[in-house]
Amino acid sequence: MFTAILVMVGLAVIIGLVLGWSAIRFKVEGNPLAEKIDAILPQTQCGQCGFPGCRPYAEAIAKGEADINQCPPGGEEGVKKLAELLGVEPKPLDESHGTPKPKSVAFIDEQICIGCTLCIQACPVDAIVGAAKQMHTIVADECTGCELCLPPCPVDCITMVPIAEDLPHWKWKAPVIMLKKVS
Amino acid sequence: MSRKLHTFKGGVHPPEHKAESNARPVHAAPLPKQLVIPLRQHIGNPAKPVVEVGQRVLKGQLIGAADGYISAAVHASSSGIVTAIGPAVVPHASGLPDDCIIIDTDGRDEWISLAPLDYRAMEPADLRMRLRDLGLAGLGGAVFPSAVKLDPGAAHHCPTLILNGAECEPWITCDDVLMRLHADDILQGVAIMRHLLGSTEILVGIEDNKPEALASMRFAAAKLDFAVEVVAVPTIYPAGGAKQMIEILTGQQVPSGKLSTDIGIQVFNIGTAHALARAVHHGEPLISRLVTVTGFVLRPQNVEALIGTPLHTLITLAGDREGSTGVLMGGPMMGMPMPDLAVPVVKATNCILVQSAELFPPLPKALPCIRCTRCADACPAELQPQELFRFAKAGDFGRAQEYHLFDCIECGCCSYVCPSHIPLVDFYRYAKSEIWAREKEKRAADLARERHEFRQFRLEREKQEKAEKLAAKAKAKRAELAAAPAAEGAPSEADAKKALIAAALARAQAKKAEAAPKNIDHLPPDTQREIEEIEARRAKIRELARQPLESEEKP
């Protein structure tokens with residue numbers, strides 16, 4: 001009886017030590033689920049979901065504090081991917097957070113810009129170049145089209161220009177095959 | 001010729017239709033009034049224009065410089081005036097415009113002065129850069145910049161060099177005619193390739209349906225001081241695919257996702273070898289090529305056409321007929337329908353195939369896939385086209401990639417044999433471009449994430465730095481004040497703050513006082529008077545500001 005208790009206690013201590021050691025040794029930094037969700041989000045950093053950026057939204061989804069249908073730039077396809085990852089039913093986009101728009105980039109009308117730097121401070125990806133009382137301009141390759149620079153502009157010199165289809169961006173369309181009626 | 005030939009799996013035997021165009025003499029196409037020269041004719045970065053609108057250019061003059069390593073230059077194909085630099089419709093399946101340089105020719109066809117290159121004396125790297133600036137790109141169809149392919153890379157030599165003269169696509173005969181007429185030039189180009197790549201084994205693969213080309217190449221090869229083996233390969237489509245040609249001649253397969261150079265083999269089209277010889281021995285940039293104009297025309301033939309010549313000029317030359325139903329650039333298996341007949345001949349244009357309802361009856365309507373796997377039997381890349389079709393149609397691109405979608409060479413054998421007439425290749429092209437677009441989006445998202453995270457980090461760091469700076473400043477000030485009024489007893493916290501504010505005020509006032517008006521010495525009297533008037537007005541306003549307003553006084 002005494003031996004049995006000793007064996008059990010001994011086992012408990014050993015297993016406890018192993019578990020404790022592996023908890024330290026194999027500790028996962030951050031939330032792996034949030035990482036996976038963040039990888040699906042489009043990284044527009046527009047804040048339309050109600051969170052300050054894609055990462056906080058991903059963390060909120062991971063904690064169950066936010067729904068998966070609050071990201072208009074991700075569109076229905078993004079919702080579908082999130083639903084697949086989280087094993088839930090996909091749902092339509094929540095219109096209260098905005099509707100998907102064609103991909104665009106911001107464009108500063110350099111004739112009107114007064115060089116106030118307000119848009120530079122608003123840009124979440126540092127895609128605007130300029131300095132106080134100097135004309136500003138957008139680095140089009142790095143602009144995510146989040147529209148966050150539009151409201152702070154005091155002279156409304158920023159417009160969103162949809163990305164036109166050109167040769168390097170052209171895609172083959174899904175073939176439509178006319179099926180013959182067999183009956 | 002006792003070389004043991006191998007076979008690749010699959011392949012088809014479509015009707016050849018070579019005899020229509022390969023018997024007529026080759027002419028130079030007439031000089032068009034306007035040349036449209038696209039800046040993006042090759043794989044890689046488009047060329048950068050180096051001429052201005054209104055400038056006169058000579059034949060062979062550089063008008064678009066190569067931009068980066070994987071790029072090639074473009075040149076004026078004839079002398080004339082540059083009238084526009086901007087978007088024009090180019091020969092592409094999309095029908096979208098792209099940047100072009102448009103030249104109104106003056107009819108004089110005046111050359112720049114040409115200087116041949118002494119390739120044996122040149123550094124290989126310099127020679128490759130010169131070839132890039134002469135606009136050399138593969139003329140077999142892929143238009144990959146030749147200078148890049150002529151770089152043997154880390155291995156420093158490429159033991160086997162294969163010249164591809166198979167020309168397996170039906171209807172096309174430009175390579176056949178080129179080999180008949182310019183076998184010596186082609187082999188001169190091969191000598192330069194051999195010099196750059198350090199190849200020891202040189203093979204020329206020609207389909208056995210071109211006996212004249214075979215004879216001509218063998219005759220020319222016998223005159224050379226190095227060994228070139230001209231091999232007749234069995235006629236089967238797509239024997240002219242680079243990987244298929246390698247397998248036929250050497251029995252080796254290029255592993256999936258690898259390049260032929262990884263197994264020590266480089267393949268060039270014979271047209272490229274000819275252009276290379278012209279470039280090195282004559283200093284000629286790539287401004288023209290042989291084009292087969294065939295199909296539903298009166299006189300199917302090969303023409304030497306300047307790059308930038310509109311397709312309709314060549315079709316008119318070959319005799320256009322009523323009732324054509326479309327024009328393909330390339331052959332019937334891999335050709336692209338042209339959106340407009342005003343599009344120019346580019347470096348990739350090997351054939352202009354005019355279609356008619358009789359020669360190319362429209363495909364019957366597609367039936368559902370019955371999984372007969374005839375496509376798998378025909379596929380020369382040893383893929384499972386029926387599975388790829390299923391995944392591409394369902395939008396399951398990940399699975400399609402697992403089934404080696406990117407090993408598909410889009411040869412069209414699967415569509416050719418499909419009893420349900422499904423346009424299979426269209427599905428693979430669609431899936432490939434979707435995958436590329438997604439990868440591009442993914443890269444853009446990763447960049448945005450990285451930049452956003454760095455911005456967060458930067459803001460945090462700036463906040464911290466500012467706080468530290470302020471704390472240090474306040475500490476220094478406090479220490480200073482604590483040292484000075486020690487005699488008046490220990491100052492309270494409130495006193496210290498007051499003293500700080502007073503000190504700041506004094507500083508601000510001193511600064512204001514310093515800002516004295518400038519340039520007021522030796523003024524003319526009337527200016528002086530003006531200044532005095534203004535000063536008086538200012539003093540009055542200051543006085544008024546100090547007095548309480550009347551309206552405020554009354555109640």
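Student: Which domains is chain B divided into?

Tutor: Chain B has domain 1, made of 19-29 + 127-356, and domain 2, spanning 364-485, with bounds that come from an automatic or database domain assignment. This is a predicted model, in which local features need pLDDT of at least 70 and side-chain atom pairs count only at pLDDT 80 or more, while totals for chains, interfaces and linings use all residues. Residues are numbered from 1 along each chain as its sequence is written, and chains are lettered from A and ligands numbered from 1 in the order in which they are written.

Student: How many residues make the contact between those two?

Tutor: Seven residues come from domain 1 of chain B and nine residues from domain 2 of chain B, where contact requires C-beta atoms, placed from the backbone, to lie within 7 Å. The C-alpha centres of these domains of chain B are 34 Å apart.

Student: And chain A, how far apart are its domain centres?

Tutor: Domain 1 (33-97) and domain 2 (104-166) of chain A have C-alpha centres separated by 26 Å, and six residues of domain 1 of chain A touch seven residues of domain 2 of chain A.

Student: Switching topic, which helix gives the most to the side of chain B that touches chain A?

Tutor: In the contact between 25 residues of chain B and 23 residues of chain A, helix α13 (residues 424-483) of chain B gives the most to chain B's side, with 14 residues. Helices here are DSSP runs (H or I, at least four residues), numbered from the N terminus.

How values were computed. Helix = DSSP H or I, 4+ residues; strand = E, 2+ residues; numbered from the N terminus.
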